[in-house]
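Morning, everyone. I will take you through one structure today, starting with its sheet and ending with what the record says.

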Amino acid sequence: MSVQHAPENPEVYGLMAEFDDPDRLVEVTRSAYERGFRQMEAYTPFPVEGLDHALGYHRNKVPRTVFAGALLGGVGGFLMQCWSAMYYYPHNIAGKPLYSWPAFIPITFEMTVLGGALAAVFGMLYFNGLPRLYHPVFNAPEFARASDDGFFLCVQSRDPLFDPEATLAFLETCGPRSISVVPY
């Protein structure tokens, strides 16, 4: 009979360290990634160059999603016009052929733009996990400064390498302004 071990601190979302400047946050994030931590999040009041790569985000899925949405919109718009003009409601206008593809271009273009825009919005929301009405990091006492002048790195407890004492010791060696436990 095997015994499954329950997580040691299931009520802990992770450990959050606050740093003074964005460069130090990028250095510590890169160091944590090199140590093997993968379930990390960083919070800054403005975009920080290189932080996404330090967190391990090397590929952006939104451009491919937008391309697929635009392609589906354009092809769908073109086929819809072909079907309506040739089969559903064939109408002879000034002796022109029913399949007059140049007349379909404006609607095809508009459907391409619409499909791409909708795919961009909904793809961005899906890949970012939005809308999200609750996030545990708001339980951290100093997290309100993330929108002002705080630079935070949160190592989540669901990371396979997460050990409360070892992770805390690692974060303490990085020289943070403060470290806090983030409860669920």
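**The sheet, its helices and the annotated spans**

Gly14 has Gln156 of β3 as its bridge partner. Before going on: this is a predicted model, in which local features need pLDDT of at least 70 and side-chain atom pairs count only at pLDDT 80 or more, while totals for chains, interfaces and linings use all residues. Residues are numbered from 1 along each chain as its sequence is written, and side-chain values use heavy atoms, with hydrogens and water left out.

Strands here are DSSP runs of E with at least two residues, and helices are runs of H or I with at least four, numbered from the N terminus. Two strands pair if DSSP finds at least two bridges between them. Strand β1 (residues 12–19) and strand β3 (residues 151–156) run antiparallel, joined by 6 bridges.

Helix α1, residues 22–35, touches β1, β2 and β3, and its direction makes about 15 degrees with that of β3. Helix α5, residues 164–173, touches β1, β3 and β4, at about 10 degrees to the direction of β1. Axes are lines fitted to C-alpha atoms, for helices over the stretch in contact, and angles run from 0 to 180 degrees between N-to-C directions.

What is the strand order of the sheet? The order is β2-β3-β1-β4, in an open sheet of 4 strands with antiparallel pairing. The edge strands, β2 (40–43) and β4 (178–183), each pair on one side only. From one strand to the next, the twist averages 20 degrees.

Now the record. An unreviewed UniProt entry annotates residues 66–89 and 101–127 as "transmembrane region"; positions follow the numbering used here, feature names are shortened, and annotations may be inferred rather than shown by experiment. In the model, residues 66–89 are 96% helix and 0% strand, with end C-alpha atoms 32 Å apart.

Notes. Contact means heavy atoms within 4.5 Å.
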